[in-house]
Every structure is written in C-alpha cells, then in structure tokens.
Amino acid sequence: MLTLLTSMYLVMRTVSSRAEPIRVLVTGAAGQIAYSLLYSIAKGDVFGKDQPIILILLDIPPMLPVLDGVVMELQDCALPILKEVIPTDKVEVAFKDIDAAILVGSMPRKEGMERKDLLKANVAIFKTQGAALDKYAKKTVKVLVVGNPANTNCLIASKSAPSIPKENFSCLTRLDHNRACSQVAMRCGVSSDQVKNVIIWGNHSSTQYPDVHHAKVNLQGAETEAYQAIKDDAWLRGDFISTVQQRGAAVIKARKLSSAMSAAKAICDHMRDIWFGTKEGEFVSMGVYASGNSYNIPEDLIYSFPVQIKNKTWKVVDGLPINDFSRAKMDATAAELVEERDTALDFLSQ
C-alpha cells in the first residue's frame with residue numbers, strides 16, 4: 001500500500017513539474033513596489049508553489065540598468081519555479097502571450113501638478129498598454145492595474161483593449177481593504193484573519209468608503225457584527241474611515257516614500273484570489289466594471305465593490321442593505337470617479 005501511495009505521489013510530482021509555465025508581466029518593474037512583489041510571485045505565493053513562472057519585467061529605458069540588477073537578484077534567489085526572467089522596455093516583448101499583467105508603473109503626481117495633468121499623462125501610458133494587451137496578450141489574460149489613479153487607468157486600459165473581456169480587468173483596492181481589516185482587528189484585540197467582509201466602495205483615493213456594516217469579527221470563537229464587537233459608532237464613522245482614507249499619505253509622511261511592502265502584499269492577495277477564488281462565505285474588495293450592479297452606481301466606471309471569485313471569475317456581491325450614511329459616501333466617491341472618467345475620456349479622444 002505504501003509503495004502504491006509513493007508511486008502515485010511521484011507521478012503527481014512528475015505531472016506537476018511538467019506544468020506549462022505561465023507568463024506574468026510586471027510593469028514599473030524597477031520600482032520599489034515591484035522590488036517587494038517579484039520575490040513573492042517567483043517563489044509561488046501567488047500562482048501556486050508548483051506553477052512554473054516566466055517573469056517579464058517592463059520599465060522605461062532609463063531604468064534598464066536598475067532592472068538588470070533586479071534580474072540578477074532574482075537569479076541569485078535560485079527559485080525552482082522561476083524558469084526565465086525577461087527584462088525589456090518594449091511593449092511587443094512585454095505583452096506577448098501573457099497570462100497575467102500587473103500594471104504597477106504609472107506617472108506619479110509631482111509637486112505642483114494639477115490632477116488633470118496627471119490624468120493626461122496616465123491616459124497616454126494606459127492607452128498604449130491597453131493597445132499592447134489587445135494586440136499581443138492572450139484573450140484570457142487577467143489584468144490588475146495598480147498605478148494611480150488606478151480606477152481610471154484601469155478603465156482606459158480596458159477601453160483600449162476591446163478584444164479582451166471587460167471582466168478580465170480590475171484595479172487594486174485590496175490594500176485599502178487590508179488596512180481596514182487591520183484597523184478593526186487592532187481595535188478588537190484580535191489578529192486580522194479574525195476579521196472578514198469589510199468593504200471598500202469606490203475610488204482608490206481619499207473619497208473611498210471603508211464600510212464595516214457587513215463585517216464580522218471572530219471573538220473567542222463567536223462571530224460578531226463589527227459594530228457590536230467594537231461598540232464605538234463614533235470611531236467607526238469617524239477616525240476609522242479617515243485613517244483608512246489617509247493611510248497612504250501617512251506612510252509617505254513617515255517614510256518619505258509611498259507604500260511598497262503593503263502594496264506588494266495586497267497585489268499578491270488580489271491575484272491569488274483571482275487565480276484560486278475567495279473562501280466560502282467571504283468577500284473581498286476589488287475595483288471592477290460597475291455594469292449591472294444593484295447599488296445604483298453609474299455603469300461605465302471601474303468602482304470598488306465587494307466581490308466573490310470562483311473559477312477565475314468575479315461576481316459583485318449584490319443586494320447588501322445600504323443605510324443613508326453609506327449611501328452618501330458611496331455616491332460621493334462615484335461622483336469623483338465620473339469626473340475623472342469624463343476628463344480622461346476627453347484626453348483619450350484627442
């Protein structure tokens with residue numbers, strides 16, 4: 001019996017080792033978020049411990065010498081599933097036959113820059129990358145936009161890649177989701193895995209709405225509504241929301257650099273959930289197309305909703321009761337996204 005089990009195990013390992021590598025693109029690959037992200041992808045934290053990976057690293061020409069150093073470090077990690085690393089500054093190389101795209105690179109906002117100037121610069125970037133996805137990537141590619149303004153950049157990329165299903169595009173609000181979970185957990189004196197079903201509604205900006213009206217906290221084995229567990233409505237409707245909304249700015253003020261380690265962790269969480277699905281009875285936050293939602297959010301937006309994922313397909317958790325407080329917050333962040341979208345589409349048509 002033992003011999004039979006051993007033989008079966010060896011066969012399974014052999015089959016696993018013969019799995020076709022997947023091609024994963026990371027843009028802005030010489031930057032600090034990618035530096036925290038690439039090791040986790042290459043050692044199997046995202047797509048599976050037995051899934052061979054080909055990493056394609058895209059950045060602008062001036063960053064290629066830095067990228068060479070990143071490639072050397074990845075090689076020096078001697079990771080068994082990392083089959084190849086391809087550094088490039090050419091979209092036709094970067095986007096060729098990819099299975100997953102993590103679009104981290106974007107134009108950062110510089111001192112004195114108007115928001116519309118930031119949008120204009122990023123429309124040009126994500127129009128180009130969307131067109132490259134359309135021309136070179138697999139039609140099944142899963143695209144995660146991280147570079148800010150993430151929601152609108154994601155919308156532009158999708159509109160520039162009409163042959164790829166809209167459902168294949170999402171933007172990162174998992175960092176905000178994780179921040180909200182952590183704040184609730186610390187307040188309750190539990191670990192963050194004891195908190196579930198917080199929601200980030202809307203834009204990855206200071207108008208986002210972290211909502212715990214549907215969240216649950218596991219207190220000593222008993223699942224409790226977050227409002228009951230915390231017993232401080234003023235905090236939940238005040239400092240909790242503003243802390244999550246302003247967390248990125250607080251990190252920059254303290255570090256003199258934007259979030260990198262936590263952003264990379266959130267990217268891994270987001271992509272792993274797309275690949276393997278969400279846990280039964282749980283939902284996570286993700287910026288996705290607002291079409292057909294039950295929350296009266298304008299349809300032609302990338303808006304953060306609670307989603308459940310199965311078979312690499314997300315579904316908005318519809319029908320949650322929304323009180324007047326939440327309704328106002330959800331509408332405010334939607335209004336900002338509509339304004340961003342309209343400005344970006346003006347640039348896209350030029």
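The largest pocket holds about 1600 Å³ of space, and 47 residues line it. A pocket here is an open set of points on a 1 Å grid over the protein atoms alone, with protein on both sides within 12 Å along at least five of seven lines, and lining residues have an atom within 4 Å of a point. Its volume is the space filled by probe spheres set on the points, which are joined across faces, edges and corners. Please keep in mind that this is a predicted model, where local features need pLDDT of at least 70, side-chain atom pairs count only at pLDDT 80 or more, and totals for chains, interfaces and linings use all residues. Residues are numbered from 1 along each chain as its sequence is written, and side-chain values use heavy atoms, with hydrogens and water left out.

**The largest pocket**
- Ser106, Pro108, Gly147, Asn148 and Ser258 lie nearest the centre of the largest pocket.
- Its lining divides into 21 nonpolar, 19 polar and 7 charged residues; Ala, Val, Leu, Ile, Met, Phe, Trp, Tyr, Cys and Pro count as nonpolar, Asp, Glu, Lys and Arg as charged, and the others, Gly among them, as polar.
- Helix 5 gives the most to this lining, with 5 residues; helices (H or I, at least four residues) and strands (E, at least two) are DSSP runs numbered from the N terminus.

**Two domains**
- The protein is divided into domain 1 (22-171) and domain 2 (173-341), with bounds from an automatic or database domain assignment.
- Each domain supplies at least three residues to the lining of the largest pocket.
- The domain centres, taken over C-alpha atoms, are 24 Å apart.
- In domain 1, 32 residues are in contact with 34 residues of domain 2, contact meaning heavy atoms within 4.5 Å.

**First UniProt "binding site" set**
- The unreviewed UniProt entry places a "binding site" annotation on Arg109, Arg115, Asn148 and Arg179; UniProt positions follow the numbering used here, feature names are shortened, and annotations may be inferred rather than shown by experiment.
- These residues span 71 residues in sequence and their farthest two C-alpha atoms are 24.9 Å apart, so they do not all gather at one spot.
- Even so, the lining of the largest pocket includes Arg109, Arg115, Asn148 and Arg179.
- Arg109 sits in the loop between strand 4 (100-103) and helix 5 (115-136), and is partly exposed at 47% relative accessibility.
- Arg115 belongs to helix 5 and is partly exposed too, at 30%; buried means under 20% relative accessible area, exposed over 50%, and partly exposed in between (1.4 Å probe, protein chains only).
- Leaving out residues up to four places away in sequence, Arg115 touches Arg109, Pro149, Asn203 and Glu340.

- Asn122 lies in helix 5 and is buried, with a relative accessible area of 0%.
- Beyond four places in sequence, Asn122 touches Ser106, Met107, Asn148, Pro149 and Asn153.
- Gly147 is buried at 3%, in the loop between strand 5 (142-145) and helix 6 (150-159).

**The second largest pocket**
- This pocket has a volume of about 530 Å³.
- Among its 21 lining residues, Arg174, Asn178, Lys279, Glu282 and Val284 are closest to the centre.
- By class, the lining of the second largest pocket has 5 nonpolar, 7 polar and 9 charged residues.

Key: 1 Å grid on protein atoms, 1.4 Å probe; cavity = no way out; pocket = protein on both sides within 12 Å on 5 of 7 lines; lining within 4 Å.
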